[in-house]
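This note sets out points for a colleague to consider when examining the model shown here. Please read the points alongside the sequence and the coordinates.

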Amino acid sequence: MKNRREFLKQSAAIAGFAWLNPLIGHFSFAGNMTMIRGNVGYYTERGGTIGCYLTKDQSVVIDTQFPEQAANMLAEIRKVNANKINLLINTHHHGDHTAGNIVFKDVVDRVVSHENCRINLEKTALAQNALDKNLLADTIVIDKASFKLAKEYVECRYFGRGHTNGDIVVHFENANIAHVGDLVFNRRFPFIDVPGGASIDQWIETLEKIVKYYDKDTIFICGHANEKYPVQINKSDIRAMQNYLDKLRIYIKQQVKDGLTEEAVIAKTTIIPGAEEWTGDGVVRSIKAGFAEYKTM
Ligand SMILES: [Zn+2]
């Protein structure tokens, strides 16, 4: 199968256009499924990284990207497992993590999210008159929730506000792999969703709790990474994300103290001093979120 995938990748690169995906019967760039250990892995295509647990009898999906990508990912599951998906868990409400939920509508037993994730997603869907294009959680996490599978335990835990006000970490206990959603952007400027309940101060605290809660062998999966960096990360990468947010906080507070306007700071900033590994598009989003939080101190 790997050879075939490699071949498809190469032919796509040569041809420069989409190929026919025989699994779902329409033109599509399929993504990549990477298994890490203990039947847990991740799927990347377009949008936030999808986590998965997959055996021939049971499966769990964490986040769903967009409908086309969700269908491609479901096709990967169907290569080994024809049963209902046991759990679909959303790490938070953003569209690049939840828009594909609808693809799982009739093939999943339970849909799980934090209560604020559900509230935010429902609000967004209603505003777009698109409730029928969404699949909302039927099982709500407040502080924590655990689910028992035949050979694995899944623990969802809320550590506090961060990227939004409804981010949960999903831990496969036997595999010891945790999906942290968008609480970590690996070396890439993060989206800090202030209207969605984000807080830089709280995000730093939340990451502190996460680093302390999991052990030294835990492997983490994050929602997004700079193209030169992986989405499979470890505690030092979480510490690095925490450092980015801390340096952002220090930088914005200093600019406010110096009397600079948000526009002036945007005009002169391409990198946050002390967190130079963070690059890409989107430093503006960090500056705006920083001003929203610290402009009146
Ligand atoms: Zn997000």
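This is a predicted model: local features need pLDDT of at least 70, side-chain atom pairs count only at pLDDT 80 or more; totals for chains, interfaces and linings use all residues.

1. Overall composition. The protein chain contains 8 helices and 17 strands. Of its 297 residues, 53% are buried. The accessible surface amounts to about 13,600 Å², and carbon and sulfur atoms account for 53% of that surface. When contacts between residues at least 6 apart in sequence are considered, 63% join residues at least 24 apart.

2. For reference, the ideal angle for four tetrahedral donors is 109.5 degrees. Both residues of the pair discussed above are covered: H94 is buried at 9% relative accessibility, and H163 is buried at 0%. Each counts as buried because the cut-off is under 20% relative accessible area.

3. The seven-stranded sheet. An open sheet with mixed pairing is formed by 7 strands in the order β3-β4-β5-β6-β7-β8-β9. Its edge strands, β3 (32–37) and β9 (139–141), each pair on one side only. From one strand to the next, the twist averages 20 degrees. Helix α4 (residues 115–127) packs on this sheet and touches β8 and β9. The direction of α4 makes about 95 degrees with that of β8.

4. Strand β6 and its neighbours. Is strand β6 (residues 59–62) covered or uncovered on its faces? Both faces are covered, with S59 and V61 buried on one side and V60 and I62 buried on the other. On one pairing, strand β5 (residues 50–54) runs antiparallel to β6 over 4 bridges, and G51 stands opposite I62. A hairpin through 4 residues joins β5 to β6. With β7, strand β6 runs parallel, joined by 3 bridges; here V60 stands opposite L87.

5. From β7 to β8. Strand β7 also pairs with β8 (residues 108–114), in the parallel sense and over 4 bridges. One of the residues involved is I85, whose bridge partner in β8 is V108.

6. Backbone angles to inspect. Most residues other than glycine have a negative phi. N39 is not a glycine, yet has a positive phi of about 65 degrees. N39 is located in the loop between β3 and β4 (40–44) and is partly exposed, at a relative accessible area of 41%. Q65, likewise a residue other than glycine, has a positive phi near 50 degrees. Q65 belongs to the loop between β6 and α2 (67–78) and is buried, with 0% relative accessibility.

7. Is C222 buried or exposed? C222 is buried, at 0% relative accessibility, and sits in the loop between β15 (219–221) and β16 (224–225). Leaving aside residues up to four places away in sequence, C222 touches T49, H179, V180, G181, V184, N186, P230, V231 and I233. The C-alpha atoms of C222 and F185 are separated by 6.7 Å, although these residues are 37 residues apart along the chain.

Technical notes. Residues are numbered from 1 along each chain as its sequence is written. Side-chain values use heavy atoms; hydrogens and water are left out. Buried means under 20% relative accessible area, exposed over 50%, partly exposed in between (1.4 Å probe, protein chains only). Two strands pair if DSSP finds at least two bridges between them. Helices (H or I, at least four residues) and strands (E, at least two) are DSSP runs, numbered from the N terminus. Axes are lines fitted to C-alpha atoms, for helices over the stretch in contact, and angles run from 0 to 180 degrees between N-to-C directions. Contact means heavy atoms within 4.5 Å. Accessible areas come from the Shrake-Rupley method with a 1.4 Å probe; for residues, only the protein chains shown count as cover.
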